[in-house]
Amino acid sequence: MWFFYAVALPLVVVLIVAGLLVMPAKQFVSVGVRVDVGLAWFAALSTLILVPTDITNALQGRKPELLSIWWRVAYWYGFVAQFTVLPFHQEFSDSGAFSWTDRVVSSLRNNLMFYAVLAGAGAVGLIVLLVSGELKPSYVIGFCIATSNAVGLLGGLFLLGYGLIAIPKQLWFTASVKSEERALHHRAGLQHTKAVAARQELAKTLALVEKVSGTFSRRDPMRRYMDQITAMASASGEDVRAGGDVQEDVDYFDKTDLGGLRRRLRRAIEDKQREQKLYLEIVARYLQVSDILANEGRWGTPFVSTTHAELPAALAHAEWWWKCVLRAWVFRAAAVVTGVLSLAVTVAEVTVSPGLPNLSVFAYALHAMPSHEASSELLAFAFLAYPCLCTYYALYKLGRFSFYLLVPGHTGSFSLLANAGFTCRFAAPLAFNFIAALALPQKTGLTPDISATVFYDEFGALMMQQPLLGANFTTYSPIALLPYMALLLWVGAFNRLAGIFVRGGASVWEDDYETRSPAAAQGMRLMRLEVENHAAGRAAASPAPRQGVAAEARDRLARALGRNSEAAEDAAGTRALPSKGFLSGADCGGAAGDGVDECTRLVTGRASGRKGDLESIFARLEAQPEDRLVGSGARRGRDERETTSSGLSFESDTERDEPPVGGLGAWFRRTR
């Protein structure tokens, strides 16, 4: 077991510690959550890294007692935690209640349906065992193992099938910088929508908190709970006035109501910070891609980067060769290698039945070196890594729309615990499936097989004896992998199927950038803005204090007019405005109502005038009530203005002549 102790176990410990340091949102994730997540990750990953050691000992005819102890501890902790500790702690940490007792009650109430389903499944199992005359303690444990394995195996095959095709495909498309640029356009458009929606929801929630806070006097018994909520709102750093007038009823009277408000505020803050982080990651990667495209035609010259400091000449030349030449070939070679591995895994899975010939290249490779312990363990570890990578990559992609998305520094307690639960749920079925189908299948003339492993002695033998979920289910369910991959992935039907699980029927997988989607067009405009902001050094600018909306509109128009010498003369009143527009109506995006319409008509050339026209418009803007001077971004007929977080807007239905100054990434970086 030298590989387990010297390589695999330290590697797992380092990965878990790094994950617990990097992933959690420090503001909301407690030490208890980190401990629970760390133990669950350790149990799940230990289950997987025990497989190479178990296979090597089976090939050499050994069954160490210490290996049996490791299997029992890792398997049973993961089994129990995924059904008890993790679900309970998820709801406990997600509750907005102010006392431990209330949070425990809330967690039990929210998990009631989950535990009812588990109880129903257990009752069905007892009835089946009672009818078959095999109601013994060992068979009850075997039924629990078989049921957990069946659920995990079905979900694991569902995810594995996607990953086996998606990873080679993703590597091949990423080799092309132009393809990656199109993908980033699509992702930026989608993420912009999510980020703006998250910011608006946070602003709305903050305004609601301020309104509710005004209903509690200083002597009110609920005031101390309200103060905790307002302290959380103040720590968010957002402007309460951005939420505008709240139309919701202020029906918050007791601790339960305030607990719900506290939970809503925490979720809004987490969502806004997470979506902001994801958008900034897209912007950072797009700037790197833009640098590669700008340097591709400069043969024999150093790589010129706008994202990092200038490197020495030798390193700059090496960077050019890697990013502009070698990178594409390395990614294509990786795509070919992973494609071959995907084909080998698929063939081994669909021929797992004992009546079919052994077509697993993994089994042949492992049986060819039974006496070389180190080589066997390393080879088994490498073979196991790819199916696990495919499965958890698909789980990560599925989580792009869900609550268990891991974002470094911005992952909440609920997401961490949910991810830990899924990791435990798929670890043991993946381990058993790998041993039974790929490494040591039960084939005629092929010995040893899975029955020679410690895992089989501890869990597999009990599981295989079950009447419904035993040997037949484990043998024949992987056969469905081939038609599933062909029909649901190759023909592009997976998005429609997975859309069933998304609220509103939206697509789950964000890789349809090959189509001309509105998100891609919007993302292209946004990324062009971000590149211009980066080049002009505007990304790190400090935000100006919030002004009145009319004054803000005046400043925007003045800045926009200053971009054009003729427009500057117009602003000074020395020339008449041209008959053709030189600005878009977005430069008046800080106002609403009739005033912004007149401002828009003026700057787009649908009206003409001199300095006095501008002054009269601004006077009318100043005279309007404040509640009419908020929120560019409302629908005004076909002219739907989508507001970037810098306060400007762009027209989503038509192309602009000039992009607006600012951008979502610039605003995010300025307000950090």
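Predicted model: local features only at pLDDT ≥ 70, side-chain atom pairs only at ≥ 80, totals over all residues.
A residue is called buried when its relative accessible area is under 20%.

Start with Gly523. It sits in helix H19, which covers residues 518-536. Is Gly523 buried or exposed? Its relative accessibility is 0%, so Gly523 is buried. Which residues does Gly523 touch, if we ignore neighbours within four places in sequence? They are His185, Ala188 and Gly189. Ala183 is 340 residues away from Gly523 along the chain, yet their C-alpha atoms are 9.6 Å apart.

Next, Thr338, in helix H11, residues 313-350. The relative accessible area here is 12%, so Thr338 counts as buried too. The side chain of Thr338 has a polar atom 2.8 Å from the backbone oxygen of Ala334. That side chain also reaches the backbone oxygen of Ala335, at 3.0 Å. Outside the four places on either side in sequence, Thr338 contacts Ile167, Pro168, Leu171 and Tyr386.

Last, a pair of helices. Two packed helices are described by the angle between their axes and the distance between the axes. For helix H2, residues 31-59, and helix H13, residues 373-398, the angle is about 140 degrees and the axes are 8 Å apart. The two helices are therefore oblique to each other, and the crossing of H2 and H13 is right-handed. The contact between H2 and H13 involves 11 nonpolar, 3 polar and 2 charged residues. On the H2 side, they include Leu48, Pro52 and Thr56; on the H13 side, they include Glu373, Phe381 and Tyr392.

Key
Residues numbered from 1 in each chain as written. Heavy atoms only, no water. Helix = DSSP H or I, 4+ residues; strand = E, 2+ residues; numbered from the N terminus. Buried < 20%, exposed > 50% of the residue type's maximum accessible area, 1.4 Å probe, protein only. Contact = heavy atoms within 4.5 Å. Polar contact = N/O pair within 3.5 Å; in protein donor to acceptor, adjacent residues only side chain to side chain. Axes fitted to C-alpha atoms, helices over the stretch in contact; angles between N-to-C directions. Parallel < 35°, antiparallel > 145°, perpendicular 65-115°, else oblique. Left-handed = near helix turned anticlockwise from the far one by under 90°. Nonpolar A, V, L, I, M, F, W, Y, C, P; charged D, E, K, R; others polar.
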